Structures are given as C-alpha cells and as structure tokens.
Amino acid sequence: MSESSSFILDDQEIPFMPGQSVMQAALAAGVFIPHLCYHPEFRPHGSCKLCTVKINGRPATSCTTPAAAGMEVESNTPEILDKRRTLLQMLLVEGNHFCPSCEKSGFCMLQALGYELGVVAPRFSLLYPARPVDASHPDVLLDFNRCILCELCIRASTEVDGKFVFALSGRGIKKHLVVNAESGKLADTNFSLADKAAQVCPVGVILPKRKGFAVPIGQRRFDAAPISAHVDEFKPVAPGERP
Amino acid sequence: MSQRYMGTSMKSTDAINAVLKRHGSDGTRLMQILRETQEVLGWLSPATLTAIAAGVNWPRSRVESTAGFYSFFHTESRGRYRVLWSDNITDRMLGNMDLMQAMCEKLWLEPGRVSADDLVSVDTTSCTGMCDQGPAVLVNYRAITRMTTERVEQMVELIRNQTPISEWPAAWFKIEDNIRRADILLTSTMAPGDALRASFARDSAASATLDEIKKSALRGRGGAGFATGLKWEACRNAPGHGDKTARYVVCNADEGEPGTFKDRVLLTRQPDLVIEGMTVAALIIGADKGFIYLRGEYRYLLEPLNTVLARRRKHGLLGENILGRAGFNFDIEVHLGAGAYVCGEESALIESLEGKRGVPRNRPPYPVTNGFLNQPTVVNNVETFAAAALIAGKGADWYRGFGNARSTGTKILSVSGDCERPGIYEYPFGVSVRQVLEESGAHNTQAVQVSGPSGICLNRDEFDRRIDFGDVPTAGAFMIFGQQRDIFEVVRNFVHFFAHESCGFCTPCRVGTTLLRTLVDKIADGNGARADIDEIFHINHLLQTTAHCGLGHTACNPLLDTLEKFRPAYERRLNLLKFVPAFNLDAALSQARQMTGRDDAGAHLEAAQ
C-alpha cells in the first residue's frame with residue numbers, strides 16, 4: 001500500500017483501500033463516526049445525515065463519499081457535533097420515543113448517540129405522530145412509534161431475504177414504513193424472525209415477542225461503554241468491498 | 001360501496017387489465033398505470049394496488065410505495081369530485097381562501113375531508129401554474145381558472161347534481177396564454193423539420209451541430225444553468241451499460257416551481273419547437289427514445305401534445321428514418337407526473353419515469369452517464385430544447401446576437417402578482433427588474449420574488465439588477481408584491497410549500513421543513529419570540545449544509561432572504577421579545593374559566609401576574 005492511500009481525519013492519518021468510503025476507512029482505523037442508517041453489511045444511501053463531515057471544507061456524508069488520497073476531513077469539531085446533535089433532536093421529536101418503556105433501551109443506537117453527543121434536553125416541539133403498533137405477527141411486534149426511517153429493514157428484506165416485506169410509503173413528514181400485504185398487517189406477509197430484516201433495526205421497531213429484559217437495564221450493550229467505544233463492531237465486513 | 005374488503009369487482013378487474021395491457025404490464029410504466037387506473041376507478045383501493053402489483057410482477061410493497069408518494073394518487077377515496085385549490089401566494093392574493101371557505105360552507109364540508117356520501121372533497125394543492133389567471137382549481141385534475149363567487153356557486157350546484165365534468169361550462173376550462181411580450185422563441189415561425197435539415201446539412205455525425213450548441217453558450221433554463229452543449233457532449237461520449245445499451249432524451253416539463261408557467265405556454269404555442277429541440281438532441285447524443293415529463297397539473301395538455309407527436313410521425317419528423325435519413329430513429333412519449341415538486345430535480349424525475357418514488361439519487365454518477373434505466377440520459381427544460389432548436393436551425397452566431405455578455409439568448413418570464421398585465425414576457429437576457437415591473441404595469445412595488453420560493457426576494461433597492469446568469473438567474477417565476485402586502489405571509493406560504501413537498505428522504509429536510517412551518521405558524525399566531533428567529537436561522541443553516549438535494553438547500557432561501565431584507569415584517573409579529581411558549585397560556589385557561597363561570601381580571605394570566 002503506497003503512502004498516498006491515506007487521508008487526514010481531524011489531524012489523524014487514516015489509511016484506506018480502494019473502494020472504501022470515508023466512513024469505512026475511519027471505522028477500520030478505529031475512529032468512530034456517528035451514524036444510524038449506515039450498516040457495514042449494506043450499501044450506504046446517506047439519508048440520516050448523522051455521519052456528515054466536512055471534506056476539504058465542504059459538507060458531505062462520510063458513508064457515501066469514496067475515500068481519496070489527501071482529503072482533509074473534519075468530524076469531531078464543535079460545528080459538526082452541533083449539526084449532529086440537532087439532527088438527533090429532530091429525530092427525537094419526529095417519532096414517539098419513550099426510553100424507559102422501550103425494550104431496546106441500552107441497545108438502541110439513537111439513544112446511545114444521544115448520550116454520546118450530549119443531547120440532554122428536548123429542544124423542538126414534539127410532533128406526536130399517530131403510529132399504531134402492529135402486533136399481528138405471531139413472533140414479532142412492530143412498534144412504528146420509534147421508526148427513524150433508516151431503511152435498513154427494507155434493504156435487508158430486499159437484498160438479503162429477497163422478500164420485500166418492508167417499503168416506504170407517504171412523503172415528507174408523512175413518510176412511513178409499510179409491509180407487503182393488502183391488509184397492511186405483518187401477519188399477512190412471509191416475514192420470519194429468522195430474516196435478516198429482523199436483526200438490523202437500530203432502534204426499537206422490530207421486536208421479538210415473548211422476550212423481555214433478558215439483559216437487565218444497566219448491563220446492556222451501551223450501558224457499559226458509550227457507542228464510540230464499540231467502534232470495532234461497526235468495522236467493514238470485508239475491507240475494501242462494498243456489499 | 002368500499003372495495004377494501006371485497007377484492008376487485010369485475011368492472012375494476014377489466015379496467016385494470018385494460019390499462020396493464022396498454023402498458024405491456026411494464027412496471028417502469030407504473031406512474032401511467034396508476035394514473036390511468038385511477039381515472040377510471042376514482043381511487044386506488046388496496047385491492048386495486050394488489051391487482052396492479054400482480055400485473056406488473058412487482059412486490060406489492062413497491063407499488064404501494066410509489067402510489068403513496070404522489071399527491072395526486074389516492075389510496076383512500078377522495079370522493080367522486082375532488083376540488084383542489086391552487087395555494088400559491090398569488091392565488092391567496094386573489095382571494096382563494098375566502099372562495100374555498102365559501103365552497104366548503106355551501107357543501108357542508110371541512111377542507112381536507114370527504115363528504116359522508118363520498119361525493120366530494122375540497123382541499124388545497126401546490127401552485128398549479130395558473131398564477132396569471134387565478135384563483136385556480138383542479139377538479140378531478142382538470143384545470144379551471146379565474147374562480148369567482150359566482151363560479152363557486154355554480155360549481156357547488158353542478159357537484160350536488162352530479163353533473164359530469166364533461167358537461168360543465170367549456171369557458172371554465174379555457175386557459176389563456178397571456179403573451180405580453182414575445183421574442184425569438186415565442187415569435188418563431190421556423191417550419192417543423194428545418195432545424196433537423198440544417199443539422200443534416202452541416203455534417204453527417206451531427207458534431208457540427210453540437211459545436212453550434214456549445215458555441216451558442218446556451219445554458220439550461222430550468223434554474224441550474226448548466227451548459228447545454230457540455231451536457232449533450234458528455235452524454236454522447238458516455239458508454240452505455242449492460243446488454244441493452246441505449247440513450248435517452250428527457251424534456252423536463254414538471255414545471256412545479258410556484259409562480260412559473262412559461263413551459264405551459266411554450267408547450268401550447270410552440271410544441272414543435274420543443275419537440276424539434278429534443279429530436280436534435282437525439283441526433284447529437286444518439287438516442288432513439290425520448291420522454292416529455294409533463295406535470296400532472298397540466299393533464300389537459302396530454303391530448304394536444306399527443307396530437308402534435310402523431311402529426312410529426314406522419315410527416316416523418318419522428319419514428320424510423322427521420323426525414324429519410326437511414327438509421328435515425330427517434331420517438332417521444334408524454335409521461336405524466338402526479339403532483340410532486342421534487343420531481344423537477346432531474347434524478348428524482350428519472351426515478352419517477354422508472355415507476356418509483358421521486359427521491360433524488362445520490363450523485364455522482366449524473367444522469368448523463370447513468371440516467372433512465374441506468375443508461376446515459378440528457379434531461380433539459382422545455383425552454384432549453386426550444387432554444388436549442390433555434391440554434392440548430394439558425395446557428396450560434398445568430399443566437400449570440402440576443403442577450404448580453406454574460407448570458408446569450410432570451411428568457412421567458414412568468415409574471416404574476418400585483419401588476420396590471422400578468423402573463424408571459426420574453427426578454428433578451430440582461431433586462432432589468434425595473435423594466436419588467438414597468439412593462440407589466442406594477443406600481444408601488446415592495447418586493448419581487450424571482451425564480452419562485454427557491455429563488456431570491458428582491459427589495460426596491462435592487463430593482464436595477466438584471467435577469468441573467470451573472471446577476472439574478474431565474475427559472476422564470478417573477479412574482480410581484482405591492483406595498484400593501486405582508487411579506488411575512490408570503491414567506492409563510494413558501495415555508496408551508498416546502499414542508500408539503502419535501503420528499504422525506506433525509507432527516508434535515510423531512511423534519512426541518514416541518515419544524516420551520518411550526519415556527520412561522522407560531523410567529524403568525526402571535527406567540528413568537530426572538531428565540532424562534534434564532535432557531536429559524538439554526539435550522540436553515542443545517543438544511544443548507546446537510547440536506548440531500550437542492551430542495552432542502554433552497555427551502556431556507558425565502559426565510560433567510562426576507563429576514564435580512566424585511567426584518568420588521570417579522571419583528572412586529574413578536575409580541576414579546578422574551579421567551580414565549582408555543583401556545584397561548586391565557587387561552588389555555590379558557591376552559592377553566594368556563595367551568596368556574598369566571599371571566600374577571602383575576603381569572604386571566606396577564607392580570608394575575
């Protein structure tokens with residue numbers, strides 16, 4: 001690997017392999033960049049904007065921007081942290097997020113990033129959307145109240161499971177998740193708890209039934225250490241390869 | 001009554017199958033399939049979507065995904081008569097809200113609701129492009145202009161009596177061109193085929209005509225102003241992808257920017273010029289298929305345009321071996337949109353052409369290399385193609401004789417708002433804002449919004465600025481606001497527009513535009529504080545720097561522009577400059593007062609303090 005295959009991220013030199021995004025290279029080098037819609041196993045699409053950085057002075061999503069030699073990337077600056085904090089505050093008022101009653105508390109990336117970035121108080125008026133839960137499926141509960149529209153379940157169901165169980169409908173603030181059934185109910189799809197789509201929700205929408213508090217609050221994934229300390233878990237699955 | 005629990009009836013099944021057959025059950029034609037089905041069945045029931053999904057062999061979820069994205073597709077019944085009031089600020093200035101209210105009262109209806117007998121619904125819609133002849137409505141997606149109290153009364157009667165729209169007064173559906181000033185585009189009498197013959201005469205490979213386009217310095221008329229010649233050259237040089245290599249020409253007639261209606265008039269008065277420009281583009285890039293993406297609001301133009309296309313086919317100007325030139329095959333089809341402003345963005349438009357949600361793609365790659373069906377595609381505005389036809393026919397030197405040093409040719413402006421002669425004005429580039437105001441009969445002008453809500457708001461100190469790419473670029477909208485207008489209400493209208501039209505893909509635009517709407521409404525209700533202005537700045541900065549596409553980037557323009565230039569319009573709305581909650585505390589106590597039967601000073605908040 002020639003020495004030119006690296007870029008600078010907040011004063012640190014980050015090596016990269018051809019085809020890697022800024023995000024992939026940073027994570028591989030052990031530098032955490034906040035993200036919600038990015039997942040190491042799926043093609044990035046850059047919708048949540050949490051991973052926004054400044055590249056040579058211009059804002060860009062690090063998950064969709066290919067790494068290039070000599071780039072100067074700013075990530076951990078007060079300006080960018082403020083943007084990320086505001087984006088989280090937006091997501092927190094868009095849905096109905098009530099951590100104390102959520103089975104995913106402690107495993108939830110939205111919550112973990114809130115702690116990571118110091119989102120300590122509500123800022124915007126809550127939108128209180130009406131999002132009925134779907135408990136029709138024998139094994140899985142869908143609580144749309146917590147959906148952040150990252151599309152990971154859609155990508156997983158489409159690309160891995162080949163089932164197209166999930167899709168988006170509506171537009172703008174009315175955008176919402178739908179399932180592949182005329183009744184609109186998950187029970188009428190061929191969804192299964194073994195699907196990849198059942199494993200990827202970064203928040204608490206897709207939950208297995210009859211399983212609660214298997215790990216006590218306080219001992220959960222992000223209780224012990226902040227999300228940035230889990231950087232190894234987000235490393236690219238096959239370095240240099242985009243799924 | 002409801003199809004929801006009954007599957008599709010025999011009649012529905014036949015109708016759906018006929019539409020599917022017409023489109024070869026091709027899923028990429030889903031937009032047309034959904035629209036035509038809805039035109040027959042009234043709405044798209046769950047069972048209808050299931051049947052269509054089975055027909056095109058797509059997952060049902062994908063079909064529902066597309067159907068749910070567009071304002072003009074109904075996945076719930078909206079009544080047999082759907083009346084949509086165009087809600088641009090110019091319609092508001094002409095009194096559309098009072099008329100809509102009157103209509104709703106006569107129909108015993110709330111805006112947005114469907115009558116209990118499933119007869120009628122009344123609602124608002126984004127600007128329908130009739131700003132020079134408003135207030136305008138769409139009734140079952142047919143455009144009606146110049147609404148008055150009398151027309152409202154008559155329309156209510158017609159709806160109550162269930163008179164078919166085809167029997168409504170023909171005069172209501174008359175759309176005026178209102179051409180007030182014409183220049184080379186609108187006066188052109190170039191015969192169909194002349195631009196193609198001139199191109200053939202230059203050379204066989206059309207590179208000489210491409211050179212003319214480049215030399216003309218023609219830039220895109222849709223707003224972004226990209227050099228047309230460079231775009232066409234990039235597409236011509238782009239390799240195709242896969243086995244089915246092809247190139248495409250797309251005319252962007254999704255004229256959604258509020259206040260813009262010049263493409264409607266060009267497609268009415270000079271359709272041959274536009275189509276000839278597309279054909280020249282096809283010759284240059286080597287395309288054999290083209291689309292006119294026509295906004296759903298202009299549904300009434302579909303048949304006239306198809307007639308022109310058929311005539312041109314008959315005359316050998318479209319189809320195989322055009323004008324006898326062996327191997328030059330090109331045909332065009334009109335593709336209707338369904339009420340989504342964001343589809344004016346070229347990559348979102350292509351997604352829509354492919355039957356999907358109109359969400360802008362990640363770029364690069366750009367459409368010139370990876371466009372429709374991932375093949376090299378040129379997307380240009382209606383006016384750009386018309387200008388290109390003139391250049392191909394008459395040459396770059398002739399064309400460069402119009403305009404100024406910064407911008408060649410002419411620009412068609414759609415003038416509306418407070419002036420005596422709203423309508424279409426074609427000027428050579430370089431015309432001053434003041435001249436347009438004078439010639440349209442505008443007096444005591446306070447502000448002009450150029451290029452629509454995503455453009456720029458000019459105050460009276462700026463009226464000597466010029467319309468061109470170096471000073472005030474524009475896609476064509478020119479909305480005039482007299483001294484009597486409240487600029488805050490103008491901006492509020494624009495903020496609501498962007499919140500309604502955000503595609504919802506990225507967080508900052510999806511949530512940010514809604515939060516901005518909440519904040520301006522809070523200020524409008526008299527509950528605003530200085531902190532809200534600061535928050536508006538903060539959200540706008542986030543949108544400008546992190547939004548996925550141009551819609552999000554420009555959604556802040558009206559607020560930022562007017563906060564700088566018309567600050568008093570905001571500040572006089574701020575009752576208190578300290579913190580004020582999002583609701584009126586004293587009003588919140590009204591129920592308590594009612595229950596206790598008190599209304600004395602001590603029962604009010606301000607007095608109690």
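Reader: What is the bridge partner of Val83(B) in β3(B)?
Author: The partner of Val83(B) is Val139(B). The model is predicted: local features need pLDDT of at least 70, side-chain atom pairs count only at pLDDT 80 or more, and totals for chains, interfaces and linings use all residues. Residues are numbered from 1 along each chain as its sequence is written, while chains are lettered from A and ligands numbered from 1 in the order in which they are written.

Reader: What makes β1 and β3 of chain B a pair?
Author: Two strands pair if DSSP finds at least two bridges between them. Three bridges join β1 (residues 81-86) of chain B to β3 (residues 137-139) of chain B. Therefore they count as paired. The two strands run antiparallel. Strands here are DSSP E runs of at least two residues, and helices are H or I runs of at least four, numbered from the N terminus.

Reader: Why are β2 and β4 of chain B called edge strands?
Author: The open sheet has four strands in the order β2-β1-β3-β4 (chain B), with mixed pairing. β2 (120-125) and β4 (142-144) of chain B each pair on one side only. Neighbouring strands are turned by 25 degrees against each other on average, direction ignored.

Reader: Which helix packs on this sheet?
Author: Helix α6 (residues 96-106) of chain B does, touching β1 and β2 of chain B. Its direction makes about 160 degrees with that of β1(B). Axes are lines fitted to C-alpha atoms, for helices over the stretch in contact, and angles run from 0 to 180 degrees between N-to-C directions.

Reader: Why is α12(B) called roughly perpendicular to α15(B)?
Author: The axes of α12 (residues 271-285) and α15 (residues 382-394) of chain B cross at roughly 75 degrees and come within 7 Å. Angles under 35 degrees count as roughly parallel, over 145 as roughly antiparallel, 65 to 115 as roughly perpendicular and the rest as oblique. So α12(B) is roughly perpendicular to α15(B).

Reader: Which residues of α12(B) and α15(B) meet?
Author: Among them are Leu273(B) and Met278(B) in α12(B), and Phe385(B) and Ala389(B) in α15(B). Contact requires C-beta atoms, placed from the backbone, within 7 Å. The residues divide into eleven nonpolar, one polar and one charged. Ala, Val, Leu, Ile, Met, Phe, Trp, Tyr, Cys and Pro count as nonpolar, Asp, Glu, Lys and Arg as charged, and the others, Gly among them, as polar.

Reader: What makes α18(B) roughly antiparallel to α22(B)?
Author: α18 (residues 487-501) and α22 (residues 557-565) of chain B pack at about 165 degrees, with axes 9 Å apart. Therefore α18(B) is roughly antiparallel to α22(B). Ile487(B), Val491(B), Phe494(B) and Val495(B) of α18(B) touch Pro558(B), Leu559(B) and Thr562(B) of α22(B). By class, six are nonpolar, one is polar and none is charged.

Reader: How many residues join domain 4 and domain 5 of chain B in their contact?
Author: Domain 4 gives seven residues and domain 5 gives ten. Strand β13 (residues 456-459) of chain B gives the most to the domain 4 side, with three residues. The centres of the two domains, taken over C-alpha atoms, are separated by 23 Å. Domain bounds come from an automatic or database domain assignment.

Reader: How many residues of chain A are in contact with chain B?
Author: 31 residues of chain A are in contact with 33 of chain B. On the chain A side, α2(A) gives the most, with six residues. By class, that side has 14 nonpolar, eleven polar and six charged residues.

Technical notes: Contact = placed C-beta atoms within 7 Å.
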